[in-house]
Amino acid sequence: MSLTKALRTSAVLSAALVVTLTVGSCGASSDSATTSGSPDAGSAAAEKNISLILGTISDDFYKAVECGAKLEAEVKGVNLDVQGPAQFDAALQIPIVNAVAAKSPQAIIIAPNDSGALMPPLKAAVDGGAKLVLFDTNLDDTSLAAGHIGSDYVLYGQQGAAKLAEIIGDEGSVLGIFSPPGVSTNDLGRKGFQDELAKHPGIKLLPFEFSSGAPGKSAAIVSAVLASKPDLKGIFTFNGGDAQGVVTALREAKAADQVSFVSGDAQPFQVDQLQQGLVKALVIQQARTMGKTAVDFAIRAIDGEQVPAETALPTLVGTLDNLTEPDVADNLYKGC
Ligand code: T6T
């Protein structure tokens, strides 16, 4: 079954560039940029239209999730439409949800940018008949969804804290940078991070700082903290999107030798940082598996089958020492 990709750039929604990639199963390849693949006649699977809404299109974590989803959609012969906001921002994601719901997909798979703000538009989509599968971030009211799949975010935060404590010799001040409250993955990760550091009495956890990968934000945070806490020894960012700014600020303050950095995620630029010694460890998610499984859950939900309410995929710690081991190498964030 040929995989037909039709890349259609939809109208720009406010500041959000929505790029719609429609992956369809089709009998004949179609190179039209405005139609999805025409499903084989009579194929029940091919009549399934599923919309995947990423947390943002500008982050390789979601590109890896998208890859897993696309490959599974091809194997299962369902139509997959992929969208996402230019930045991780509920105000940009909500118009996309409304536009997707207007096309009445049988299922929507989404990483909601805010656990509360996305409730009304997603409830409207579900009331309109769409099945809902949540991935990565979650909603305050999970009853809307057939199920949720993500990482074990508490473990994610614990692993980041434990690795950072090990690297800095279990003493000194450390800073944690997470998304603001309301991003469920980070809320759980922050708890895991804090609880783990509570087991390390020699480490002083500074007040959390908040960023969701917006350009320049994490650099400004680190520069300000370094100015007020010159004895800073370690930094952890939950979101890979914030890692570039941390490295930039440490370089500008000539503090890269003094401050050890551990980050969540494994975007290509983060792997480069690891190989250059700019970051000492990465907490890696099984992004492709998350995308594949989310498509399977959406198909089961459409078919009226049960879907696990919660699936938490374990995260793993990548360092220069294990970067080529299959478990780590296979989970570095790559699109397809
Ligand atoms: O860490 C991922 C994701 O799990 C989190 O919910 C939001 O940030 C990322 O997309 C990375 O930027």
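In this predicted model, Asp265 places a polar side-chain atom 2.7 Å from an oxygen atom of the ligand, where a polar contact means a pair of N or O atoms within 3.5 Å. The side chain of Gln285 likewise has an N or O atom 3.0 Å from an oxygen atom of the ligand, and for Tyr62 a polar side-chain atom lies 3.3 Å from a ligand oxygen. Taken alone, the ligand exposes 310 Å², and the protein buries 96% of that, with areas from the Shrake-Rupley method and a 1.4 Å probe.

Residues are numbered from 1 along each chain as its sequence is written. Local features need pLDDT of at least 70, side-chain atom pairs count only at pLDDT 80 or more, totals for chains, interfaces and linings use all residues, and side-chain values use heavy atoms, with hydrogens and water left out.

Which residues are around the ligand? Among them are Asp59, Phe61, Tyr62, Asp136, Tyr156, Asp265 and Gln285, a residue being near if one of its heavy atoms lies within 4 Å.

Let me turn to the aromatic rings. Tyr62 and Phe135 form an edge-to-face pair, 6.1 Å centre to centre with 75 degrees between the planes; rings pair if their centres lie within 6.5 Å, and planes over 60 degrees apart count as edge-to-face. Because Tyr62 lies in helix 1 (residues 60–76) and Phe135 in strand 6 (residues 131–135), the pair ties together parts that are 73 residues apart in sequence, helices (H or I, at least four residues) and strands (E, at least two) being DSSP runs.

Key
A polar contact is a pair of N or O atoms within 3.5 Å; within protein, one must be able to donate a hydrogen and the other to accept it, and residues adjacent in sequence count only if both atoms are side-chain atoms. Rings of Phe, Tyr and Trp (its six-membered ring) pair if their centres lie within 6.5 Å; planes under 30 degrees apart count as stacked, over 60 as edge-to-face and the rest as tilted.
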